Amino acid sequence: MGSLEEILAGFPLKERWVYLDNAATSLKHERVIRAVERALREFGVNVGRSAHPPGEEATRAFERARETVASFLGVDPRCLAFTFNATASIHAVLCSLDLGKGDKVVTTALEHHSNLSPWLRFSEVLGFDVEIVGFDPETGTVDLSELESAVDDRTRVVAITHESNALGSLQPVEEVLRLAEEAGAYVLLDAAQSMGALDHDFSRYHFVVAPGHKALLGPHGTGLLYVREDVLEELEPRLLGGGSTKRVEGSSVVPSEPPHAFESGTPNLPGVIGLAEGVRILEEVGLRRVERRVRRLTDRVLEGLLDLDGVEVLCPEARRATIVSFVVDGRDPDEVSRELGERGICVRSGTHCATLVFERLGLRGCVRASLAFYNEGEEVKEFLRAMEGITRRGASS
Ligand SMILES: Cc1ncc(COP(=O)(O)O)c(C=O)c1O
């Protein structure tokens with residue numbers, strides 16, 4: 001078990017960069033890298049019913065990883081499937097619901113394309129309706145009264161993000177859960193930005209999707225799907241293949257029991273083992289402390305940017321935890337990002353796979369600084385100093 005200082009010192013890329021692009025993916029800790037390597041070296045064979053020793057070891061390690069992550073989230077391991085990213089988890093849910101003509105899915109203009117495009121595209125094929133609810137441009141919060149009117153007795157799913165990846169605004173997801181449950185609809189919570197960063201009880205939502213590779217500190221190509229126990233019985237898994245199919249009887253398919261019914265094909269064994277190690281790191285730091293640290297760093301970024309002439313923070317009134325988005329007067333966001341990159345500071349620019357957000361704000365994009373608990377106060381200072389230089393030169397040119 002490592003001290004906080006040891007853990008903070010264990011991210012190799014931190015030595016080279018001030019990394020403020022954590023909303024895209026997290027830096028990988030030395031322990032996660034070693035866990036991936038150990039899995040490949042010691043039991044890098046297939047998971048499943050192989051009756052040979054390395055196969056059994058791989059299966060045991062995979063299931064132990066599930067228990068680690070489930071215990072961290074306070075959920076039953078049966079309700080937790082490993083996928084390849086948040087996008088794959090959303091598709092698994094969509095395919096497992098009998099959506100059709102007469103049904104409605106309610107989502108928001110704040111969503112990442114992952115939580116928008118699948119619903120829109122499949123609505124064309126399956127005939128259900130999609131209603132997209134707006135948000136307040138000052139707070140970046142979904143318009144709850146519009147949402148309340150949209151959610152009716154035809155609504156099967158309310159698909160909403162917990163924390164907007166484009167604006168950083170936290171959504172009133174408990175209120176959304178209450179509204180949806182009153183109407184008999186499911187909530188699919190996109191916890192891509194919040195899981196592993198916020199101390200939140202995810203067990204009450206019908207579906208929670210998250211990547212393993214962001215705040216949970218796992219490797220690329222890992223994701224999670226949580227399905228609430230009572231909802232498991234109501235689903236018909238349809239993203240099927242090896243592992244998720246128990247048997248085929250004539251022309252009908254008998255799916256495996258959950259969670260394996262949601263795990264089709266060869267899983268990302270080394271990734272999942274690395275993800276479990278990432279979660280152990282978070283447990284050692286303590287999720288409360290993780291949240292406190294990241295919120296404090298984000299507040300410093302926000303305050304620093306608000307003090308700079310020529311910088312406009314998007315949704316300055318937002319309740320936020322890990323992300324601050326902004327534009328610089330007269331400067332293209334990509335140019336700002338490149339200039340920061342030249343000084344060793346990594347941020348993201350563009351529309352962040354959330355084009356509706358920018359369409360509604362009337363912007364072509366923004367610069368996004370996104371924090372993790374392992375960032376340091378010194379790194380925030382360096383970023384703000386660089387921003388001061390950029391805006392000062394902008395003003396004098
Ligand atoms: C809010 C949100 N939802 C979904 C996704 C998609 O995650 P993944 O790339 O793991 O599928 C992201 C990724 O940035 C995100 O920020």
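Arg293 is buried but takes part in no salt bridge, and Glu376, the nearest side chain of opposite charge, is 4.3 Å away. Buried means under 20% relative accessible area, exposed means over 50%, and partly exposed lies in between, with a 1.4 Å probe and protein chains only as cover. A salt bridge requires a side-chain nitrogen of Lys or Arg within 4 Å of a carboxyl oxygen of Asp or Glu. For charge, Lys and Arg count as positive and Asp and Glu as negative, while His and the chain ends are not counted. The model is predicted: local features need pLDDT of at least 70, side-chain atom pairs count only at pLDDT 80 or more, and totals for chains, interfaces and linings use all residues. Residues are numbered from 1 along each chain as its sequence is written, and side-chain values use heavy atoms, with hydrogens and water left out.

Arg293 belongs to helix α10, residues 287-306. Helices (H or I, at least four residues) and strands (E, at least two) are DSSP runs, numbered from the N terminus. Apart from residues up to four places away in sequence, Arg293 touches Leu4, Leu8, Phe373, Asn375 and Glu376, where contact means heavy atoms within 4.5 Å. Arg292 also has its place in helix α10. Together with Arg289, Arg296 and Arg300, Arg292 forms a positive surface patch. Patches are made of residues with over 30% relative accessible area and no salt bridge, like charges being joined within 9 Å and nonpolar side chains (Val, Leu, Ile, Met, Phe, Trp, Tyr) within 5 Å. The place of a charge is taken as NZ of Lys, CZ of Arg, CG of Asp or CD of Glu. Accessible areas come from the Shrake-Rupley method with a 1.4 Å probe, and for residues only the protein chains shown count as cover.

A negative surface patch consists of Asp136, Glu138, Glu312, Glu317 and Asp329.

Turning to paired charges, side chains of opposite charge can pair when their charged atoms come close. The structure holds 32 salt bridges. One of them joins Glu284 to Arg31, with the closest N and O atoms 2.9 Å apart. This pair links distant parts of the chain, since Glu284 is in helix α9 (residues 269-285) and Arg31 in helix α2 (residues 30-43), 253 residues apart. Glu284 is buried, with a relative accessible area of 18%, and Arg31 is buried, also with a value of 18%.

Another salt bridge brings together the side chains of Arg156 and Asp103, at 3.1 Å from N to O. Arg156 lies in strand β5 (residues 155-161) and Asp103 in the loop between α4 and β3 (104-108), so the pair ties together parts 53 residues apart in sequence. Arg156 is partly exposed at 25%, whereas Asp103 counts as buried at 15% relative accessibility.

A further bridge runs between Lys381 and Glu378, whose closest N and O atoms are 3.6 Å apart. Both residues lie in helix α13 (residues 377-396), three residues apart, or about one turn of the helix. Lys381 is partly exposed, with a relative accessible area of 47%, and Glu378 counts as partly exposed at 47%. Elsewhere, salt bridges that share partners join Arg31, Glu277, Arg280 and Glu284 into one network.

Helix α4 (residues 86-96) is mostly covered, with eight of its 11 residues buried. The buried residues pack against β2 (80-83), α5 (117-126), β6 (186-190), β7 (207-211) and β8 (223-227). In strand β3 is Thr107, which counts as buried at 1% relative accessibility. Leaving aside neighbours within four places in sequence, Thr107 is in contact with Asn115, Leu116, Val130, Glu131, Ile132, Val133 and Ala159.

The backbone remains. Most residues other than glycine have a negative phi, and most peptide bonds are trans. The peptide bond from Pro258 to Pro259 is cis, with omega near 5°, and Pro259 is found in the loop between β10 (252-255) and α9. Cys315 has a positive phi, near 50°; this residue is in the loop between β11 and β12 (323-328) and is buried at 3% relative accessibility. His352 has a positive phi near 55°, lies in the loop between β14 (348-350) and α12 (355-361), and counts as buried at 6%.
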